[in-house]
Amino acid sequence: MAFDEQEWIRQTSSDTIQAELTETVSQLLNGYTFNTAIIVNTASECGFTPQYEGLQHLFLKHRGEGLYVIGQPSNNFGGQEPGADPQIKAFCTGRYGVTFPLLPKADVVGDSATELFKALAEATGQEPKWNFHKYVVTKDKIYSFSHFQAINEEFETLLTGTLP
């Protein structure tokens, strides 16, 4: 699927929300300095699961520039993440070589969503509608991409524009 200009334009307008999210992401990364973080809800049994490969590629290629990927396993959509955290990690590392951080499995929508995903939805006006919804958090803006946004050269080019 081609890049959707409207998706890229959706961003936070609240400096307070931006500051809180930047701090939260920094804490999730154990204080590592980041320039751009991709936060994505994931599932092991989804048709979009091969996106792990592209996310890992971006992480390895651009980590030195301050790009981080944070995976949030969730069973919210179609019951496609039924496993426990150790099974999820084993699948991701074994099948896709994932080395980026994976958070403990949790809800990403509704009242039971994690505080992080509630804040991301509030900031962008978009809650995930399926697995592999991507939020791109920079020091200045937050962007939202649907699960259809492929991890391809076009997406990588957009991301590298947020890096130093």
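Student: What should I know about the model before we start?
Tutor: This is a predicted model, in which local features need pLDDT of at least 70 and side-chain atom pairs count only at pLDDT 80 or more, while totals for chains, interfaces and linings use all residues. Residues are numbered from 1 along each chain as its sequence is written, and side-chain values use heavy atoms, with hydrogens and water left out.

Student: And what counts as a helix or a strand?
Tutor: Both are DSSP runs numbered from the N terminus: helices are H or I with at least four residues, and strands are E with at least two.

Student: OK, the sheet. What is the order of its strands?
Tutor: The order is β2-β1-β3-β4 in an open sheet of four strands with mixed pairing. Two strands pair if DSSP finds at least two bridges between them.

Student: Which strands stand at the edges?
Tutor: Those are β2 (67-73) and β4 (142-145); each has a single partner strand, so one side of each is left without a neighbour in the sheet. On average, neighbouring strands of this sheet are turned by 20 degrees against each other, direction ignored. For such angles, axes are lines fitted to C-alpha atoms (for helices over the stretch in contact), and angles run from 0 to 180 degrees between N-to-C directions.

Student: How many bridges join β1 to β3?
Tutor: Five bridges join β1, residues 36-42, to β3, and the two strands run antiparallel. Across from Ile 38 stands Val 136 in β3.

Student: Switching topic: how many salt bridges are there?
Tutor: There are two salt bridges, where the rule asks for a side-chain nitrogen of Lys or Arg within 4 Å of a carboxyl oxygen of Asp or Glu.

Student: Which residue does Glu 156 pair with?
Tutor: Its partner is Lys 61, with the closest N and O atoms 3.0 Å apart. Glu 156 lies in helix α6 (residues 153-160) and Lys 61 in helix α3 (residues 51-62), so the pair ties together parts that are 95 residues apart in sequence.

Student: Is Glu 156 buried or exposed?
Tutor: Glu 156 is buried, its relative accessible area being 12%. Buried means under 20% relative accessible area, exposed over 50%, and partly exposed in between, with a 1.4 Å probe and protein chains only.

Student: Which residues make the other salt bridge?
Tutor: Lys 118 and Glu 115 meet through their side chains at 3.6 Å, N to O. These two are three residues apart in helix α5, and so are separated by about one helical turn. Lys 118 is partly exposed at 31% relative accessibility, whereas Glu 115 is exposed at 58%.

Student: Now the rings. How many aromatic pairs are there?
Tutor: A search of the whole structure finds nine aromatic pairs. Rings of Phe, Tyr and Trp (its six-membered ring) pair if their centres lie within 6.5 Å; planes under 30 degrees apart count as stacked, over 60 as edge-to-face and the rest as tilted.

Student: Why is the pair of Tyr 52 and Phe 132 called edge-to-face?
Tutor: The ring centres of Tyr 52 and Phe 132 are 5.4 Å apart and the planes stand at 85 degrees, so the pair is edge-to-face. This pair links distant parts of the chain, 80 residues apart: Tyr 52 is in helix α3 and Phe 132 in the loop between α5 and β3. Tyr 52 is buried at 0% relative accessible area, and Phe 132 is buried at 0% as well.

Student: What about the backbone of Phe 132?
Tutor: Phe 132 has a positive phi of about 70 degrees although it is not a glycine.

Student: Which residues belong to the ring cluster?
Tutor: Ring pairs link Tyr 52, Phe 59, Tyr 68, Phe 91, Tyr 96, Phe 100 and Phe 132 into a cluster.

Student: Last one: how much space lies in the largest pocket?
Tutor: The largest pocket holds about 150 Å³ of space, the volume being the space filled by probe spheres set on grid points that are joined across faces, edges and corners. On a 1 Å grid over the protein atoms alone, a pocket is an open set of points where a 1.4 Å probe fits, with protein on both sides within 12 Å along at least five of seven lines; lining residues have an atom within 4 Å of a point.

Student: Which residues line it?
Tutor: The lining of the largest pocket includes Pro 73, Asp 85, Phe 100 and Pro 104. Helix α4 (residues 85-96) gives the largest share of that lining, four residues.
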